[in-house]
Amino acid sequence: MRVALFIPCYMDAFETEVGIATLNLLRRFDVDPEYPFDQTCCGQPMVNSGCHAEAKATEELFVRNFAGYDFIVAPSGSCTHQIRCHMTAVEQTEEVRQVRERTYELVEFLHDVLKVKEFPWTEFPHKVSYHNNCNALRGIYHASMSERREPPYSKPLDLLRMVKGLELVERARPDECCGFGGTFCVFEPVVSVKMGQDKVRDHAAAGAEYVVSADSSCMLHQKGCAERLGLPLKFRHIAQILNGDRA
Amino acid sequence: MTLSKEPRRDDDGLPALLHTELRASDDKGAKGPAGQRLIHAEATSRPLRDAMPEPQPRGAKIHRHRPIDHNEAARRFIDAPHHEKMHDERLWDLRQKRDGQMHAIPEWEELRELASEIKQHTLAHLGDYLEQFETQALANGIHVHWAQDGAEHNRIVHSILADHGAKRLIKSKSMLTEETGMRHYMAGVGIEVIETDLGERIQQLDNEDPSHIVVPAVHKLRSDVADVFAKKLGTDPRNDDVHYLAEQQREKTRPLILDADAGMTGANFAVAETGSFVVCTNEGNADLSANVPPLHIASIGIEKLIPRIADLGVFIRLLSRSALGSPMTQYTSHFRGPRSGAEMHIVLVDNGRSARLGEPEFWQSLKCIRCGACMNTCPVYRRSGGLSYGATYSGPIGLILDPTFDRRRYSSLPFASTLNGSCSNVCPVKINIHEQIFAWRKALSESHDISTSKHAMMKVAGVVLSNPRLYRAAIATAESALKILPNFVVANPLNSWTRRGRNMPNPVTETFHQWYERTKGGKEDRL
């Protein structure tokens, strides 16, 4: 099984620890992913802004980097959604189709492919509020959605429930968007920040010490909002918890 | 199942509405006069409290040739915290009631699918169904008119009124007549128009557009309404009790209704099989408008057709549950022909609909039954208010309808979304709203209708992100990374990120890439 690791650009720049945790977590399952060295970005920033033509070269680079692997694993629901559902600026060759199909978000990879049943090295004795990124939730279906009448399920919570001592708290608005929204957070800063403030207050009101998510992008935004409000919330990527971080 | 942990009342377990606007001072689960429990936010009331109420924030500024600045209008709304909080909570309350109704119906998702398919089928055969509808309506004794656009609609309505010497028109709520600017047009030709829907009447008296499809004055606090009524109806400016205000409005408006020369309604559904149409209201005001004067004119968008009366039940079951979280509207009125001695006219209006039907990516928006569920669930709409969109239609459905009316003015609106997808999930006719917002961004970019600075930034981002060496250099420091990285790309990213109460991400001393290179992926660290 040849597995490639995709570390999204903002994680590369701001969340080195999360990248390392993802890599080490996969190695615990005897998956030794390769890290294609020329990787940059999935193209989402341009595509999200409607600029598909401007994303073409980035998408082509992505495919050059990741063609030929059995699995491409990315610790980001948002980027996985972009690759799987929106990577259409590049010509849709067989190779491109395969890269798109074989890209998995980390939680999916652990839950659906490796079918992990235990994380014996983990312990996280804290109250955790789990944040579903909207693309992870409504784009690649990490969990059931509050708007739909469907049987409840949650892949990330299935995994977190295997972590010793971890206590999940429930928010008043379980899957309301936090206002990051990619380029939205820049073009609409006022609403974006208000949504972020409301979101982190909701985490705090639910009694959370930690906010955990499979997407660092939302958490960068929420962390910025929580710090400014003086809320004592800590933010961790799910990869860090599952890899055994205790705080 | 994960149940919401929203605060609940101790006495009756109902959701605790946090904003004082939404609770009576003596509220014990808000009981009605007959002791029944009132669960709608609108039903609760409390007397005057603030001596200095917060002024109502107004909507987006309209410049003829410039795109709407939604962010600017949203800032003014959010800077009025009483309004913003009340608005967010009132609409979230509707969303929660909608969820409650959904959970009570096991076949909910099948109903949505069925409604979507009926609409799709009807739109695919729209010409045939319109002809059938016209034939049946004519046979029922209804006069049928066709209007290509809003201007023609207004002229037709005016000519019908002129033929009858009608000077005063009472009307129930209609988004279509907002589209055509009918009230404004009629003012110019000397016809007095009286809105009979309470919320719409408030907006008319305040000379403001409706901010929501279903609850047009939902952005107003009761103190705002007290101000408007005091100025326009002569009520006590210090009394903002909702029962007082509603009663006063009724007393002042009812004589105008009784004396009106003509009445107008819209239609929620028009049934091809029977040539009849259906209007759903909670106030019964459509029935007054239609049945008191001797002339009834109904303005109907051509997408309102459904094939058979048997199809109606599917939509009636979905409409009010999705809109307000109530099982159905208080009144579901069927109109099939004129009363004896009266006349009934229908104006079937295109106004861009047939052109939209021809657009492969955007025709689905014609399935819309105007329930407003997408607005209630939209986290952006709830925090910015409907008037911040500066358009007839606001919220998610507005983002995909408005650019079809004025591509340049509304070119910024598809960007007033996080693409979170909640709107598509609540849509009772399964319009892929957030995917259409996404598709609109692409269409607007391709026709160069997005701002040149945004386009230029994306070009730079596209070059840097497709070149590993440039990319490495760009993310070497947090500051330069924020300048080039995706989600932060604008002319002044640092400012935009931090100005409104958000701290910068912490810079790292070593990127993941650098770490991997230095340690050979951690393997040399281990040695």
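In strand β3 of chain A, residue A:E105 is the bridge partner of A:A74. The model is a predicted one, in which local features need pLDDT of at least 70 and side-chain atom pairs count only at pLDDT 80 or more, while totals for chains, interfaces and linings use all residues. Residues are numbered from 1 along each chain as its sequence is written, and chains are lettered from A and ligands numbered from 1 in the order in which they are written.

Strand β2 (residues 71-74) of chain A runs parallel to β3(A), and 3 bridges join the two. Strands here are DSSP runs of E with at least two residues, and helices are runs of H or I with at least four, both numbered from the N terminus; two strands pair if DSSP finds at least two bridges between them. The open sheet has 3 strands in the order β1-β2-β3 (chain A), with parallel pairing. Its edge strands, each pairing on one side only, are β1 (3-5) and β3 (103-105) of chain A.

Looking at chain A as a whole, one finds 13 helices and 7 strands. Its radius of gyration (taken over C-alpha atoms) is 17 Å, close to the 18 Å from the globule rule (2.2 Å times the number of residues to the power 0.38) for 247 residues, so chain A is as compact as a globular protein of that length. The C-alpha atoms fill a box of roughly 50 × 45 × 40 Å, taken along the principal axes. Of the 247 residues in chain A, 62% are buried, meaning that 20 or more other C-beta atoms, placed from the backbone, lie within 10 Å of the residue's own.

Methods:
Buried ≥ 20, exposed ≤ 12 C-beta atoms within 10 Å, placed from the backbone.
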